[in-house]
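Here are my notes on the model you passed along, point by point. Have it open while you read.

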Amino acid sequence: MQVTIAAGLQIGYDLVGQGNVVVWLHAFPLTRAMWRPQWQGLADVARSLAVDLRGFGESGPFTETPAVERMAQDVHEVLDALAIREPVVLAGLSMGGYVALAFARKYPQQLRGLILADTKAEPDDAVARENRQKMIAFASENSPTAVVESMLPRLLGEWTRTHRPEVSAEVRRIAAEQSISGIIAALQALRDRPDATPGLSDIRVPTLVVVGQEDIITPPSVAEQLASQIQGAKCVTVAHAGHLANLEQPDAFNQAVREFLTRL
Ligand code: MLT
């Protein structure tokens with residue numbers, strides 16, 4: 001489905017299930033489709049709102065400088081357009097986590113809880129920024145399929161790549177349908193995102209940090225550090241999962257989320 005937000009921009013979304021509203025924010029270079037195991041598996045405890053971030057899936061492109069803050073504002077405007085007035089649980093994985101932290105800074109009164117999966121608060125350092133530039137150059141001359149192919153060994157854990165080829169196929173399938181302009185805009189937003197660390201001590205809502213044990217992009221040590229900076233946050237490590245822990249081990253991921261939601 002699509003909803004129209006400010007300035008006529010279309011945002012793709014699904015709204016499924018019953019319970020506390022949980023807004024699911026996807027990783028790069030994917031779409032809301034990566035959250036299917038969550039909106040299906042948690043439909044009895046969560047009213048899941050999965051949105052396509054700007055430039056991905058069924059959502060419109062950036063018309064200004066790409067930024068995670070703008071993506072957070074889009075989420076705020078989607079909630080408004082769908083007349084969801086109650087505070088929500090925001091769940092973001094990796095890029096989605098950066099957007100969730102931006103939302104937490106901008107709209108703390110709209111938050112009921114936070115789920116930060118395979119993500120971090122620190123900005124890109126000099127090396128990471130240089131790698132973003134290389135990736136932008138690569139994406140300018142190659143297909144979305146080539147982009148995701150170059151990322152797969154880091155996106156998915158060894159265990160998944162060996163034992164669950166259907167997960168690799170699903171990630172390839174979703175990424176292959178994205179536009180190069182959307183991919184490049186997101187890379188610019190990721191490269192230029194601000195340091196979210198100073199805002200962590202201001203977070204006042206229950207927070208769950210989840211990480212795949214084999215995540216090499218944002219490893220368990222990074223997740224533990226993130227949790228340690230948020231008051232009362234709990235950190236759960238998912239075995240046999242890499243960076244896309246929710247897709248790689250949906251049952252364990254959903255179990256951690258279910259426990260978190262039922263305690264809210
Ligand atoms: C993601 O999964 O969204 C990306 O790994 C984020 C990033 O590259 O910083």
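1. Start with Glu86, which lies in the loop between α2 and β5; helices (H or I, at least four residues) and strands (E, at least two) are DSSP runs, numbered from the N terminus. Glu86 is partly exposed, with a relative accessible area of 38% (buried means under 20%, exposed over 50%, partly exposed in between, with a 1.4 Å probe and protein chains only). Glu86 and Leu111 are 25 residues apart in sequence, while their C-alpha atoms are 8.6 Å apart in space.

2. A word on the ground rules. This is a predicted model, where local features need pLDDT of at least 70, side-chain atom pairs count only at pLDDT 80 or more, and totals for chains, interfaces and linings use all residues. Residues are numbered from 1 along each chain as its sequence is written, and side-chain values use heavy atoms, with hydrogens and water left out.

3. Now the strands, which pair if DSSP finds at least two bridges between them. β3 runs parallel to β4, joined by 6 bridges, and Leu25 stands opposite Val51 in β4. β3 also runs parallel to β5 (residues 88-93), here with 4 bridges; Val22 stands opposite Val89 in β5. Of the 6 residues in β3, 5 are buried.

4. β3, α1 and β4 make a right-handed β-α-β unit. Right-handed means that, with the strands pointing away from the viewer, the path from the first strand over the helix to the second runs clockwise.

5. On to the rings: how many aromatic pairs does a search of the whole structure find? There are 4, where rings of Phe, Tyr and Trp (its six-membered ring) pair if their centres lie within 6.5 Å, with planes under 30 degrees apart counting as stacked, over 60 as edge-to-face and the rest as tilted. Phe28 and Phe56 make an edge-to-face pair, at 6.2 Å centre to centre and 85° between the planes. Phe28 sits in the loop between β3 (20-25) and α1 (36-41) and Phe56 in the loop between β4 (46-51) and α2 (68-81), so this pair ties together parts that are 28 residues apart in sequence. Both Phe28 and Phe56 are buried.

6. Phe103 and Tyr107 have ring centres 5.0 Å apart and planes at 55°, so this pair is tilted. Phe103 is buried at 0% relative accessibility, and Tyr107 is buried at 10%.

7. Trp24, Trp35 and Phe253 form one aromatic cluster. Arg193 lies over the face of Tyr98, 3.9 Å from the ring centre (a charge sits over a ring if NZ of Lys or CZ of Arg is within 6 Å of the ring centre and within 35 degrees of the ring normal).
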